[in-house]
Amino acid sequence: MFPCIFKLQELLPGTVAKPLRRMAYKGEDGIQPLILMERIRVDGAAADASFNASTGELRWGSSAGVNWCLMMESEVLGFKTKGVKIIVKAFVFASKGASLGASGGKRARTRKDFVLEMPSEQCAMIWSDQFGDLINSFGRPRRLFIILNPYGGKRCALKIFQNDVKPLLEASGILYTLQETSYQLHARELAHKLDLLKYDGIVCVSGDGVLVEVVNGLLRREDWDTAVKVPLGIIPAGTGNGMAKSLLDSAGDSYSVFNAVFAIIRGHRRSLDVTTVQQGEARFFSVLMLTWGFVADVDIESEKYRWMGSARFDFYSFLRVVNMRKYHGNVQFVPAAGYEIYGEPVDWRESCKDEVPEQTFGVAARVQQCRYTGPKISLEDLEWKSVNGPFILVWLNNVPWSGEDVMPAPEAKVKAFRLRPGQRVGYPDKGGIIDSDGEVIARGEGTYECSLQETDLMAYGPPIQMTVDKGLATIFSPK
């Protein structure tokens, strides 16, 4: 390859034409521009501009000393060409502008359009072609299936979508199909039946619950092994938004709807661990957490205060602290590296002799066929540890943050886990609640809405086991 220089004429009104350069490299397919350079107008002001198609840097400077550097991958949503004008639709840090390429930290971003006026339509076409080629090479999604839960949190998901999500998607040129959920498990049904070939991803505008339903729906499909690799996205619009917070925080981004949407638009993907929660033939697939005791009681019993939004958790936590409960029980786990000192060694085969008895509470009738049956690992070959109660709480997390302001698990501590829940201390006729990703999977006698026991997926009392399938699913991520 060898450098070539082409001369273009400045044709802006009121200026004297003079030659400028467009640097390029010639490859096997002909001229492939590497750096474009022009005297243009930006938002009406004359400026010297350059675009590096290799690094994705769009720079310009004016005689007034205003210098800008836009990174196409990390700051540009899309663009639109109208004659000699290219409207660049950007999502930049609010304080940016005084220095070139300044970014970082957890500063807020803001939407901003820049109008680049080229000397000719031919010049505009050359620049816009290079913009388009580069953006298309990023692998961004072009069509999304969006599931919105209008009932989550303070019932503001639709407003969030219209005011915050839709404008960014339209600026990026992403097409979408919007579907509101009408009842519990509706999202699971949608994911189970969806024609995935039509979309580049499934996005949930909700709390964490809809995302969990989607994962469970995908893993019930006959083509689950390919379906579960379809990228998932989460835009926080519910009461618990732990997944969105965990993804943004891991990349150093501030927690906001805008940043969550932009992460999806950019199209970066990362693997997502999926935990199989199992009791006999009953299975539930979790991506966030499982709780028993204090946290489960607060999560589920505070439902009657849902109108308070996330403040309901603080309020009901106070009530539970004033009247603290404890539960008999036993937990067994395989510790992660560095945590082997915790617990007493236990023989896994011996502890499983009294495995799940005949299904009670009609569980067998409610077990649905799952095409995916969980990770293929040999549990008996692992080194198990055991801890006996009483317990105030048991809280297992798949991601660091369980909500937008609570981070109980900055590190992974176990590889596999078994819970044998018991009765409340001092109240032998009352059990507890086992909650996975915001859904009750088992509850004992004397608990909140215990009349719904027969609809629970699992029985309270027999062991419940959790195993992790690392990287089973895929999720859109800031990095």
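**Close-up 1. Lining of the largest cavity in the predicted model.** In this predicted model, the largest cavity is lined by Gly-233, Ile-234, Ala-244, Leu-247, Leu-248, Ala-260, Ala-263, Ile-264, Phe-476 and Pro-478. The space inside the largest cavity amounts to about 60 Å³. Three elements, namely β13 (232-236), α7 (242-250) and α8 (257-266), each contribute at least two residues to this lining, and by residue class the lining comprises 9 nonpolar residues and 1 polar residue, with no charged residue.

**Close-up 2. Lining of the second largest cavity.** Arg-109, Leu-248, Asp-253, Asn-259, Phe-262, Ala-263, Arg-266 and Pro-478 form the lining of the second largest cavity, which holds about 40 Å³ of space. The element that gives the most to this lining is α8, with 4 residues. Here the lining residues divide into 4 nonpolar, 1 polar and 3 charged, whereas the lining of the largest cavity includes no charged residue. The structure as a whole holds 4 cavities of 30 Å³ or more.

**Close-up 3. Two cysteines, Cys-69 and Cys-156.** Cys-69 has a relative accessibility of 1% and therefore counts as buried, the cut-off for that class being under 20% relative accessible area. Cys-156, by contrast, has a relative accessible area of 28% and is partly exposed, because this class lies between the buried cut-off of under 20% and the exposed cut-off of over 50%. The structure holds 0 disulfides.

Notes:
Residues are numbered from 1 along each chain as its sequence is written. This is a predicted model: local features need pLDDT of at least 70, side-chain atom pairs count only at pLDDT 80 or more; totals for chains, interfaces and linings use all residues. Side-chain values use heavy atoms; hydrogens and water are left out. A disulfide is a pair of cysteine sulfur atoms within 2.5 Å. Buried means under 20% relative accessible area, exposed over 50%, partly exposed in between (1.4 Å probe, protein chains only). On a 1 Å grid over the protein atoms alone, a cavity is a set of points where a 1.4 Å probe fits but cannot get out, and a pocket is an open set with protein on both sides within 12 Å along at least five of seven lines; lining residues have an atom within 4 Å of a point. Grid points are joined across faces, edges and corners, and a volume is the space filled by probe spheres set on the points. Ala, Val, Leu, Ile, Met, Phe, Trp, Tyr, Cys and Pro count as nonpolar, Asp, Glu, Lys and Arg as charged, and the others, Gly among them, as polar.
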